[in-house]
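Morning, everyone. I have one structure to go through today, so please look at the screen.

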Amino acid sequence: MTANDGVWLYSITTGNTGDAQLAGVTGVAGEPVRAVASAGLVAVVGTVSLGEFGQEPLQRNLEDLDWLAATARAHDAVVAAVLRCGPTLPLRLATLYLDDDRVRLLLDQRQKEFDATLRRVTGRSEWGVKAYADSKALAQNVKSEPSPTGSAGKGTAYLLRRRAELSAQQDVERKAAAYAEEIHAALLERAVDGLRRQVTDPVLTGKRAWMIFNGTYLVDDERVDDFTTLVTTLDAERPGVTLESTGPWPPYSFAGIDG
């Protein structure tokens, strides 16, 4: 390493993972990744140039969506490679240290926390579930207010019609919210833990559909079939609502560490 280098931290895993298992794995800068061990734990890291990944250039690069997407994919590929070796705590993107000694200090100081979290995610994986609603389909079963009669003036008729439209829209939104609560409660019964996330911006998903639910779940590997079958069942039970599940993922949402 040189004074212009930094250490990019990808994940923390057990002491069973070493450089031999990481051979051929490259990181966000195309650099070979390596194991930094201490306190019975291993941090998987790579050496990167601070000219691109230091604080100031990183802030600029993070605003470049193409750069960000490529970097996120590379980061996740390393985490996935480590996961194939054993339980893994993924670090959030752009967790940087100045050198390996500071990484070892992190492992020493937070050993108990990391050990406990590694035990929690062992034999489990993260799954994502999103639900999209068709507002027209949901509106079909919503009781609408009667249309204004012909005796009302034009202004009054418009106001009554507008009020009826707003009321119907609110009913549809309440119905969608109730469905989201039911879906989350049902999925929690097949998972170790679960979190509701903010619905994703259509710009990021590339979909124009109305997302009403976005959740992540930590699922025992032996219960994955039960979990995905439940997603299929919930999808079929609610006309106008479509569910999507993705996984298995490294436990980003349940690692609970920020470096």
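P248 sits in strand β9, which covers residues 241-249. This is a predicted model, and in it the peptide bond leading from G247 into P248 is cis, with omega near 0°.

Next, two alanines. A39 is not a glycine, yet its phi is positive, about 55°. You will find A39 in the loop between β2 (33-38) and β3 (41-49). Its relative accessible area is 26%, so A39 counts as partly exposed. A94 also has a positive phi, about 70°, and is not a glycine. That residue is in the loop between β4 (88-90) and β5 (96-97). With a relative accessible area of 23%, A94 is partly exposed.

Now the rings. How many aromatic pairs does the structure hold? Four. In one of them, W8 and F53, the ring centres are 5.3 Å apart and the planes meet at 80°, so we call the pair edge-to-face. W8 belongs to strand β1 (residues 5-14) and F53 to helix α2 (residues 50-53), so this pair ties together parts 45 residues apart in sequence. Both W8 and F53 are buried.

Y217 and F227 make a tilted pair, at 5.6 Å centre to centre and 50° between the planes. Since Y217 is in strand β8 (residues 210-220) and F227 is in helix α10 (residues 224-237), the pair ties together parts that are ten residues apart in sequence. Y217 is buried, with a relative accessible area of 0%. For F227 the value is 0%, and F227 is buried.

Last item: W8, Y10, F53 and W67 form one aromatic cluster.

How values were computed. Residues numbered from 1 in each chain as written. Predicted model: local features only at pLDDT ≥ 70, side-chain atom pairs only at ≥ 80, totals over all residues. Heavy atoms only, no water. Phe/Tyr/Trp six-rings, centres within 6.5 Å; stacked < 30°, edge-to-face > 60°. Helix = DSSP H or I, 4+ residues; strand = E, 2+ residues; numbered from the N terminus. Buried < 20%, exposed > 50% of the residue type's maximum accessible area, 1.4 Å probe, protein only.
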